[in-house]
Amino acid sequence: MELTQLQKDILEGKQGETLAKIMKTLMMYGEAFGATRMAEVTSDYNHLVTSFGLGVMKPVYELMDTLLKENALSKQKFTVDPRPLDPNVPSNFLQNIVFRYFMYSRQDFYEKQLQKLGLLDKDAFTCTCYMPQVGNTPKYGDILSWSESSAVVYANSVLGARCNRNSGIIDIMGSILGYVPYFGLLTDEGRKADWIIRIETSRKPEAQLLGSAIGMKVMEDVPYVIGLDRWLGSELNDEACTYLKDFGAATASNGAVGLYHIDNLTPEARKFGRSLIREGAKEFIVTDEVLEETYRNYPIVWKDKDAAPQLCFMGCPHMSLQQLKDWTDTIEKGLKESGSGQVMIPTVFTASPAVIKEFKKTDYWPRLDKTGIVLSYICPLMYMNNPLSAKMRVITSSNKLRTYTTSRYYTNEQIKDLLCKGGN
Amino acid sequence: MKEFKGRVITPGTCVSEAVVSHRGFNTLASLQKALQFVDKSAKVGDQNNPDLFGKPIAGKALCLPQTIGSTTGGLVLYCSAVMKRNPAAMLFYNPIDSLACAGAVLASVWSDTAMPVIDNLGKEFEDYVKDGMKITIKDDGIVIVE
């Protein structure tokens, strides 16, 4: 790898042993992918994946301490994934004790570390940092050192920024150094599509189901999706962006997609068209049957598959403002039709603190509150990942949450019916 | 017995038993329980991976196509290495992915655990290696399977 004089000096330890180790780490990481140089990080802010103060992740806190002691701070302010705890979310006495005193016992400690390292503000905790209300929205062509698979795939695909699927810790190291290795999704070549995906469904595909089917098929490759603009249109409006947020999260968690192009819609597809498709790209046709089969193949790990759900989580990744408004309308209408006053299953909608703040200024908030739904900034995934919550029968329309936990996936329409009419 | 040659991502030698996945290894879904709770054998918790679900991987030679899922993957792998709940080695049929590579590099630079990681071992290796086979890893990316 070719380094500038400044980068060579850092590697040789002229700015301290810790920075030298960071440079070595990023070089080894980049060299494995044929990186030829280090590229300057150009975004205003970074985004980190590790938001949770799990007691057991001592190695991370020790490493962070080392960085702080050596004054190796982030050159950029950063946002970070959602908090794992929120007292508003239903939990029993035992769960509260386990969450607070066993699992996330280092939460306060870790948040103080994040503040010292460069946290944007005390409420900068969300996986959807790119929402306008949050303000960490990279520009087209920006080079990022982000992690969080759903945020990376959104930044690359919908915003046209350039970021590899970086891991936690690598993310902050790029920000401390101000450079990331130049390879993969940072390069023009790495952004070309290996797959052509043809959408031939008879109706608008469920975003999370389509993302799951494509993710499991293409894994880490770049798909170029043809035929989705028929359902989403050719403008990146709120509805399309929300759809792509959920679609992308499913491609990234059910597979390892870091970038997708949607013909006639996403910025690079609009700019370069089908010239983004590599010669010899493989092809995958998505039909109603493909989506039904994908759905059928999800394992249900509940002990009693026929028992009624105990909790519903919606918003993994966190919901957009428009999504909260749309769901308020949907639930209100569903409850009116079923003659019910409130939802039949304890339900939590999750969104970023900034989006929640904006939502609470609208007249939708009292209407949602009336349905009995809890609005929270929590990370549902972190809530679920312990034996007590794992035994709960949780339903969701998030394919990311389904993948990482024991929760059961239903489509948005099914969730609406379960919440408004009950049943199992 | 068969010998294969791959590319060394992080160096090291070891003799271990193979645990084989033909699907992407979801690092967070697989190792989270092992890290959170007292499971030194690191039984895989990923319900979507029938090749590995419930099998212990600590101290084993994990043979896999790639890792998938959350970008906490590298960090999780790094923690598993510091906590000595990591695979003895990771052997990739395909080119390594960015998350696994991050984990391997972080473990190599920032911990005292030697976890040899080799990629590009190819389809023939994938077809040949089976659970329980003896794996010997040499310094230069040579993997002997018997």
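Predicted model: local features only at pLDDT ≥ 70, side-chain atom pairs only at ≥ 80, totals over all residues.
**View 1. Chain B meets chain A.** Here's the contact itself, with 39 residues coming from chain B and 49 residues from chain A. Together the two chains bury about 3500 Å², and 67% of that sits on carbon and sulfur atoms. Look for B:Gln47, B:Thr71 and B:Trp110: this trio supplies 21% of the area that chain B buries against chain A, more than any other three residues.

**View 2. Polar contacts, and the side of chain B that touches chain A.** On the chain B side, at least two residues each come from strand E2 (7-10), helix H1 (27-36), strand E6 (67-68), helix H2 (73-82) and helix H3 (98-110). H3(B) has the largest share, at nine residues. Sorted by type, this side of chain B has 19 nonpolar, 17 polar and three charged residues.

**View 3. Inside the largest cavity.** The structure holds four cavities of 30 Å³ or more, and the largest has about 170 Å³ of space. Its lining takes 17 residues, and those closest to the centre are A:Asp81, A:Glu148, A:Cys379, A:Leu381 and A:Lys400.

View 4. Two elements of chain A give two or more residues to the lining of the largest cavity: helix H16 (380-384) and helix H18 (399-404). H16(A) gives the most, with three residues. By type, the lining splits into eleven nonpolar, three polar and three charged residues.

Conventions:
Residues numbered from 1 in each chain as written. Chains lettered and ligands numbered in written order. Heavy atoms only, no water. Contact = heavy atoms within 4.5 Å. Buried area = accessible area lost by both parts, 1.4 Å probe. Helix = DSSP H or I, 4+ residues; strand = E, 2+ residues; numbered from the N terminus. Nonpolar A, V, L, I, M, F, W, Y, C, P; charged D, E, K, R; others polar. 1 Å grid on protein atoms, 1.4 Å probe; cavity = no way out; pocket = protein on both sides within 12 Å on 5 of 7 lines; lining within 4 Å. Points joined across faces, edges and corners; volume = space filled by probe spheres on them.
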